[in-house]
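Please find below a colleague's note on the two-chain model under discussion.

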Amino acid sequence: MEVVEILAILPGADLGFEIAERPDDAQVLIVTGGANLKSKAELQHAYAALKPPRLVVAVGSCAASMGIFKGGYSMTGPIDSIIPVDLYITGCPPRPQVILGALAEALQLSVDGLEPLLRTPEGYRGDPHVDRETCVGCSACANVCPADAIEILDGEGQRVVRFRREACVFCGTCQDVCPTESVTLRAGDPSWYRVKGASTSEAALPLAQCGVCGAAFMPEAQLAWAMRRVEERRSLDAGDRAAIRRSLHVCMACRRSRIPDVREAKRLLTSLEKKTAIVS
Amino acid sequence: MELGAAKNRVIVYDAGLCTGCRYCEIACAVWHCGRIDVGQSRIRILFNDENRTEPYAAVNCQHCEEPLCATVCPSEAMHKDRETGWVTVNASTCIGCEMCRAACPLAVPVFDEAQKVAVKCDLCHGEPECVKHCSSRALWLAPREEALRVNERFYLGAGGNP
């Protein structure tokens, strides 16, 4: 639909390209979705019929990574698993202006006088960016992402939160749920790319070590955030605060499997409960 | 059971009576997940053959008066019902950040990999299966005040029952 809409912009634009009726009249193939069992052969056929230089443009997240259709029973893969792709245009869907702008830039066409038409309007959602200073690495963004576009990579004492450009559908859910408001979808980044695999943004968080078994388990920043939240919302004496801080630094596996730690946790909970009962 | 009867009652566990049969875990998993898979149980019994003085312990939700899990929850999905006293997760507002897991000293909420949300004991909406099926009556449902007294004896008292 967005590709058809660029026709509305084209009459005013002399970019030098036109829509071809058949693949064998065309030099550029624009693909707007992931490939399924039925379209795979059509795609191969269309690519074979193209005239040189046989450029393939994947438009939108589905063409690049299958987006939210990934794992669907009829899907056979992203476009580049079937034919070579020269250019990926970001968006879900990309706006007509973005498609035209990306094509013009990538194919080095002159856009003189067209700039106002190609500009992204204010307020549109662009690539997600994570604030490295405030992100606590809790993975809520990754857990809500409908397109599986956010990777959580734990290793070597740190957690990396990585926003994969090709899979993002720009829904903004990561921005909505982030407990520390560290994610923003901002427009203005380049709207196309040639090589997949790059991230739009990343944050690396050192992992805390379990005070009992020594294993790395959760980002230190996440534990600190939880502690701050407890201190803000509960009035606790110094002893309770120290006990809670200590319990935060025991990994979940130890908390749930070591009898001394379970007893210590119940002792803490009973003592907190007793104080609450006295207050109320 | 009337809702009122289950109000503000919590599960108490006596490690001295527990035999480690794990019927509670099976009953819990069957009620919540429809299958015998103790990995899905919201209660967990630990046993240690080598430690004869403290052989058993239970990881079970205390349904705290001021729950730390709900205190830290950024999306208000973890909720303490003031009417019933139950601490439950609203799966549709849970964002899967695991803050509740971090905050709970017992790490009672577990992360459901399929649904990407926290799951925990919901007291079976008033009639806990673990209590019903406990073969040695090591688990029972007690009014909050009584539960506190018993837990004080177990965990705060000097030289008390395990």
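1. Confidence. The model is predicted, and its scores are ipTM 0.91 and pTM 0.87. For chain B the mean pLDDT is 90, with 91% of the residues at 70 or more. The exception to note is the stretch of residues 1-5 of chain B, where the pLDDT is below 50. Beyond near neighbours in sequence, this stretch has 5 contacts in the model. Where pLDDT is low, the predicted coordinates should not be read in detail.

2. Fold of chain B. Chain B is built from 6 helices and 8 strands. Read from the N terminus, the order of its elements is α-β-α-β-β-α-β-β-α-β-β-α-β-α. Its radius of gyration is 16 Å, close to the 15 Å given by the globule rule for 162 residues, so chain B is as compact as a globular protein of that length. Along the principal axes, the C-alpha atoms of chain B occupy a box of roughly 45 × 35 × 35 Å.

3. Packing within chain B. Of the 162 residues in chain B, 46% are buried. When contacts in chain B between residues at least 6 apart in sequence are considered, 54% of them link residues at least 24 apart.

4. Interface. Contacts between the chains involve 35 residues of chain A and 33 residues of chain B. On the side of chain A that touches chain B, at least two residues each come from α6 (140-144), α8 (220-233), α9 (238-248), α10 (252-257) and α11 (259-279). Of the elements, α11(A) gives the most, with 14 residues. By residue class, this side of chain A comprises 17 nonpolar, 8 polar and 10 charged residues.

5. The largest nonpolar core. Which residues touch the most other members of this core? Among its 92 residues, they are A:Cys141, B:Cys69, B:Met99, B:Cys100, B:Ala103 and B:Cys130. Domain 2 (127-186 + 195-206) and domain 3 (210-279) of chain A both contribute residues to this core, so the core lies between them.

6. Surroundings of B:Cys69. Leaving aside residues up to four places away in sequence, B:Cys69 touches B:Met78, B:Val87, B:Cys100, B:Ala103, B:Cys104 and B:Pro109. Two of these contacts, B:Cys100 and B:Ala103, are also listed with B:Cys69 among the residues that touch the most other members of the largest nonpolar core.

How values were computed:
Residues are numbered from 1 along each chain as its sequence is written. Chains are lettered from A and ligands numbered from 1 in the order in which they are written. This is a predicted model: local features need pLDDT of at least 70, side-chain atom pairs count only at pLDDT 80 or more; totals for chains, interfaces and linings use all residues. Two residues are in contact if their C-beta atoms, placed from the backbone, lie within 7 Å. Helices (H or I, at least four residues) and strands (E, at least two) are DSSP runs, numbered from the N terminus. Ala, Val, Leu, Ile, Met, Phe, Trp, Tyr, Cys and Pro count as nonpolar, Asp, Glu, Lys and Arg as charged, and the others, Gly among them, as polar. pLDDT is the predictor's confidence in each residue, from 0 to 100. The radius of gyration is taken over C-alpha atoms; the globule rule is 2.2 Å times the number of residues to the power 0.38. A residue is buried if 20 or more other C-beta atoms lie within 10 Å of its own, exposed if 12 or fewer, and partly exposed in between; C-beta atoms are placed from the backbone. A nonpolar core is a set of buried Ala, Val, Leu, Ile, Met, Phe, Trp, Tyr and Cys residues joined through C-beta atoms within 7 Å. Domain bounds come from an automatic or database domain assignment.
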